[in-house]
2 protein chains.
Amino acid sequence: MVAPSDLFGALSVPGDPPPDMFEPVTTVRMSQVVVDQIRAHVRSGRLSPGDKLPSERDMCDVFAVSRVTVREALRILEANGIVEIRIGAQGGAFITSPSRQRVGESLADLMLLSPITALEVTEARIVLEMGLIPLVVERATSEDLDDLRRLCEQARVALANDTYTMAMSGAFHMRLASSAHNTAIESLAHGFYGNMVSSLRQAQNVAPVMGHVGTQEHLAVVEAIAARNVEAATSVMSRHLHRTEERVRSAHSESVHTD
Amino acid sequence: MVAPSDLFGALSVPGDPPPDMFEPVTTVRMSQVVVDQIRAHVRSGRLSPGDKLPSERDMCDVFAVSRVTVREALRILEANGIVEIRIGAQGGAFITSPSRQRVGESLADLMLLSPITALEVTEARIVLEMGLIPLVVERATSEDLDDLRRLCEQARVALANDTYTMAMSGAFHMRLASSAHNTAIESLAHGFYGNMVSSLRQAQNVAPVMGHVGTQEHLAVVEAIAARNVEAATSVMSRHLHRTEERVRSAHSESVHTD
DNA sequence: AGAAAGCCATCGGTCATACCATTAGTCCTA
DNA sequence: TAGGACTAATGGTATGACCGATGGCTTTCT
């Protein structure tokens, strides 16, 4: 009679490390497999923004899975900003063209939920904004400058009305970043300011007077850009950002005491 | 008998633009509501990394929804990197502590799927890396410098063996970024190089000889940092990055022809 | 007594079916 | 012809069931 172990004699070689005959069986979620397939098609360009995926019920047949699985896959794709779901007749899952808005949101979300301090974010902001100033000076269009001036004017009015918010400052900085005409940089700025607006709101109350100085500096930056003067723009921006950094630093040390 | 319209008499004021009495009825997905509640608790700190959410079946009771809805919510939270699901007994949804790794992955993913060109990414890289040089010069520890020198040495050996890869260059730049001792900057760098490694792989073949020059420049940057010489480090780095930019630019124009 | 083997409760993964809500297109009526 | 009602397509949700994986508990053998 053959002992059971002999049936696997070829595999059980004592003292001999078994080579890669078998791979560990990976338990992959079916919904993840569906996601990977669709994502691969998007990356390869076989699926382009605006394209419509089959209806959920049709995808059940295509992928040979239940509707629950298809729907979970769609939730993942939707959360990743790859598809957009529309309900009703002629609805369905449409491949999205990821907007700066969405990229920025995700970035902001990641920063909010990760152990990154406001101080670190501010420092990264300084790096980013100081670096993009030369690009803006070089590329800003008259439309960019008009928008920036308008934002400064709105801030001035809001300050007079005592309705100035941190979001208005963020809007200025985001518009400034978009004036660099580089989508990647613009997305990063969106991420930073989406984060800043919520995480540094307290700093606004700490120093409401700062708004006046800050707004004046904003305007000074815009005019330096309009004059295509890199040095002046850099100088003003540096002062502006480092003043913000100090404010964050003090707000932080304060919260340490009060928390 | 009261006409139906009279029941809303107070609301139907002809000629008077209706103020914000009614809000548009938004059909929000129930799974999204669940996501929002959990996410809010994470943001407020009531849920911390490592905490375990109730089991799916328990959450059905808590939120008064079906298991399908709970599971879709979990898929969204998982895709956002907020929770991690473990199967089996004592499994469930655990709040994750977002690692640099994850943040970087998501960032890279966002860039891959968004209409951001390699050229734009490279430009953003230049802004980031030039900006972080002063921080690195100020903060780099001997451990940082040792690691960077080791990476340079590995690259030298790999070049001799003809096993040099773009990933090795990326590793150097990521380690350089982490030497700034700023989590936010480190995450951004991870995002950039995770993206670069895949999107610019072709550039490697275009100019394999470049590796020698690039590695020598890497080493020069390290030594300038070790000497705490901001100007020298900035100068070398600027040359290095702009050479890379040119390479990307030519690779891009080439791919335009070959694609 | 200690260790190995097996059993079991828990919990996520998947499926099938049913019904509701929303939406766009169509058709019918005034 | 214009407006409203009907209809089909499609996503959203609920229910109930079963399977697979996992870790702890119990049993059994040495």
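**Exercise 1. The fold of chain A**

What share of the contacts in chain A with a separation of 6 or more comes from residues 24 or more positions apart?

Solution. Start with the ground rules. This is a predicted model, in which local features need pLDDT of at least 70, side-chain atom pairs count only at pLDDT 80 or more, and totals for chains, interfaces and linings use all residues. Residues are numbered from 1 along each chain as its sequence is written, chains are lettered from A and ligands numbered from 1 in the order in which they are written, and side-chain values use heavy atoms, with hydrogens and water left out.

Step 1. Contact means heavy atoms within 4.5 Å.
Step 2. Take the contacts in chain A with a separation of 6 or more; residues 24 or more positions apart account for 71% of them.
Step 3. Now list the elements. Helices (H or I, at least four residues) and strands (E, at least two) are DSSP runs, numbered from the N terminus. Chain A has twelve helices and two strands. Along the sequence they read α-α-α-α-β-β-α-α-α-α-α-α-α-α.
Step 4. Check burial. Buried means under 20% relative accessible area, exposed over 50%, and partly exposed in between (1.4 Å probe, protein chains only). Chain A has 259 residues, and 46% of them count as buried.

**Exercise 2. One serine**

Decide whether Ser31(A) is buried or exposed. Then find what Ser31(A) touches.

Solution. 
Step 1. Locate Ser31(A): helix 2 (residues 30–44) of chain A.
Step 2. The relative accessibility of Ser31(A) is 3%, so Ser31(A) is buried.
Step 3. Leave out residues up to four places away in sequence. Ser31(A) then touches Thr69(A), Glu72(A), Ala73(A) and Ile76(A).

**Exercise 3. Two helices in chain B**

At roughly what angle do the axes of helix 2 and helix 3 of chain B cross?

Solution. 
Step 1. Two packed helices are described by the angle between their axes and the distance between the axes.
Step 2. Axes are lines fitted to C-alpha atoms, for helices over the stretch in contact, and angles run from 0 to 180 degrees between N-to-C directions.
Step 3. Helix 2 (residues 56–63) of chain B and helix 3 of chain B have axes that come within 9 Å and cross at roughly 105 degrees.
Step 4. Helix 2 of chain B is therefore roughly perpendicular to helix 3 of chain B. (Angles under 35 degrees count as roughly parallel, over 145 as roughly antiparallel, 65 to 115 as roughly perpendicular and the rest as oblique.)
Step 5. Name the partners. Helix 2 of chain B brings Glu56(B), Arg57(B), Met59(B) and Cys60(B), while helix 3 of chain B brings Arg67(B), Val70(B), Arg71(B) and Leu74(B).
Step 6. Sort them by class: four are nonpolar, none polar and four charged. (Ala, Val, Leu, Ile, Met, Phe, Trp, Tyr, Cys and Pro count as nonpolar, Asp, Glu, Lys and Arg as charged, and the others, Gly among them, as polar.)

**Exercise 4. DNA strand C**

Which residues come closest to DNA strand C?

Solution. 
Step 1. A residue is near a strand if one of its heavy atoms lies within 4 Å of it.
Step 2. DNA strand C is surrounded by 24 residues, and the closest are Arg29(A), Met30(A), Ser66(A), Thr69(A) and Arg67(B).
Step 3. Look for polar contacts. A polar contact is a pair of N or O atoms within 3.5 Å; within protein, one must be able to donate a hydrogen and the other to accept it, and residues adjacent in sequence count only if both atoms are side-chain atoms. A polar side-chain atom of Thr69(A) lies 2.5 Å from a phosphate oxygen of DNA strand C. For the side chain of Arg71(B), the distance from an N or O atom to a phosphate oxygen is 3.0 Å.

**Exercise 5. DNA strand D**

Which part of DNA strand D lies 3.0 Å from a polar backbone atom of Ala89(B)?

Solution. 
Step 1. It is a base oxygen of DNA strand D.
Step 2. Compare a side chain: an N or O atom of Thr69(B) is 2.7 Å from a phosphate oxygen of DNA strand D.
Step 3. Classify the surface near DNA strand D: eight nonpolar, seven polar and nine charged residues.
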